Amino acid sequence: MSDRLIRHNVYDRLRADILSCALQPGQEFREGDLADRFGVSKSPIRDALQRLELEGLIEIEPRRGHRVAPISVADARDILAMREILEVGAARAIVVSASESDLQAFDRFREAPTHEMKAFADYNRDFHLSLCDAAGNRRLANSAEQLMENYDRLCIVSLSASSASEAANMADALADHVAIIDALQARNAAHAARAITRHIQTSRRRVMRGLESRPIIA
């Protein structure tokens with residue numbers, strides 16, 4: 001494997017471990033430990049850590065090692081606020097410029113696996129990314145993709161405890177998605193914006209409750 005491929009592979013694997021919380025928020029580690037884990041020299045590890053620091057996923061502490069960037073309540077609020085801004089903007093663009101076939105393509109999101117959390121999380125991510133893709137703005141779509149990755153990490157941390165009401169929460173989220181789809185297909189920007197805002201505010205309440213019940217490293 002070429003040096004370039006090794007560096008990309010290390011970066012991809014380390015980033016996936018952070019976003020999936022295999023490496024927990026706030027967890028400390030050293031370059032040598034990661035080099036041993038991945039079976040590489042420190043050079044590709046150092047390169048990956050620098051890239052991840054720019055993304056805000058790693059904090060580098062000179063002479064002390066590194067740690068996974070913690071999740072704070074303030075950061076959670078920022079993530080959810082940015083989601084609302086991007087998705088409402090995407091909806092307004094879709095209403096104006098999307099083709100009829102683009103709008104009908106959202107029908108595939110009218111049903112979802114609401115009894116299995118991992119499958120529903122995959123469905124949920126696909127829905128929200130497709131919403132931003134359909135706006136026809138590549139920068140918006142790229143920002144949304146990075147934001148949803150951080151949102152998924154946030155959910156793993158805040159909602160990891162099992163809950164008897166989780167199936168009902170997923171069913172409610174699906175109903176919100178259907179309302180958003182209805183508004184988009186009717187080309188009603190105001191209704192779409194309200195449905196998205198309501199949906200994300202519900203997510204905000206659930207996530208904040210979860211964070212309050214867990215030790216968060218500020």
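The chain of this predicted model has nine helices and three strands, both taken as DSSP runs numbered from the N terminus (helices: H or I, at least four residues; strands: E, at least two). Along the sequence these elements follow the pattern α-β-α-α-β-β-α-α-α-α-α-α. The C-alpha atoms fill a box of roughly 55 × 40 × 30 Å along the principal axes. Residues are numbered from 1 along each chain as its sequence is written, and side-chain values use heavy atoms, with hydrogens and water left out. Local features need pLDDT of at least 70 and side-chain atom pairs count only at pLDDT 80 or more, while totals for chains, interfaces and linings use all residues.

Helix 8 (residues 166-185) and helix 9 (residues 189-212) pack at about 160 degrees, with their axes 8 Å apart; axes are lines fitted to C-alpha atoms, for helices over the stretch in contact, and angles run from 0 to 180 degrees between N-to-C directions. The two helices are therefore roughly antiparallel (angles under 35 degrees count as roughly parallel, over 145 as roughly antiparallel, 65 to 115 as roughly perpendicular and the rest as oblique). Their crossing is left-handed, the near helix being turned anticlockwise from the far one by less than a right angle (clockwise would be right-handed). The contact (heavy atoms within 4.5 Å) involves residues including A173, I180 and L184 of helix 8 and A195, I196 and R206 of helix 9. By class, this contact has eight nonpolar, four polar and four charged residues (Ala, Val, Leu, Ile, Met, Phe, Trp, Tyr, Cys and Pro are nonpolar, Asp, Glu, Lys and Arg charged, and the others, Gly among them, polar).

Turning to helix 7, its axis comes within 8 Å of that of helix 9 and the two cross at roughly 50 degrees. These helices are therefore oblique to each other, and the crossing is left-handed. Y151, L154, C155, V157 and S158 of helix 7 meet S203, V207, G210 and L211 of helix 9. Here there are six nonpolar, three polar and no charged residues.

The largest pocket is lined by 25 residues, with M117, F120, A121, C155 and L159 nearest its centre. On a 1 Å grid over the protein atoms alone, a pocket is an open set of points where a 1.4 Å probe fits, with protein on both sides within 12 Å along at least five of seven lines; lining residues have an atom within 4 Å of a point. Helix 6 (117-133), helix 7 (138-158), helix 8 and helix 9 each supply at least two lining residues, and helix 6 gives the largest share, seven. The lining divides into nine nonpolar, seven polar and nine charged residues.
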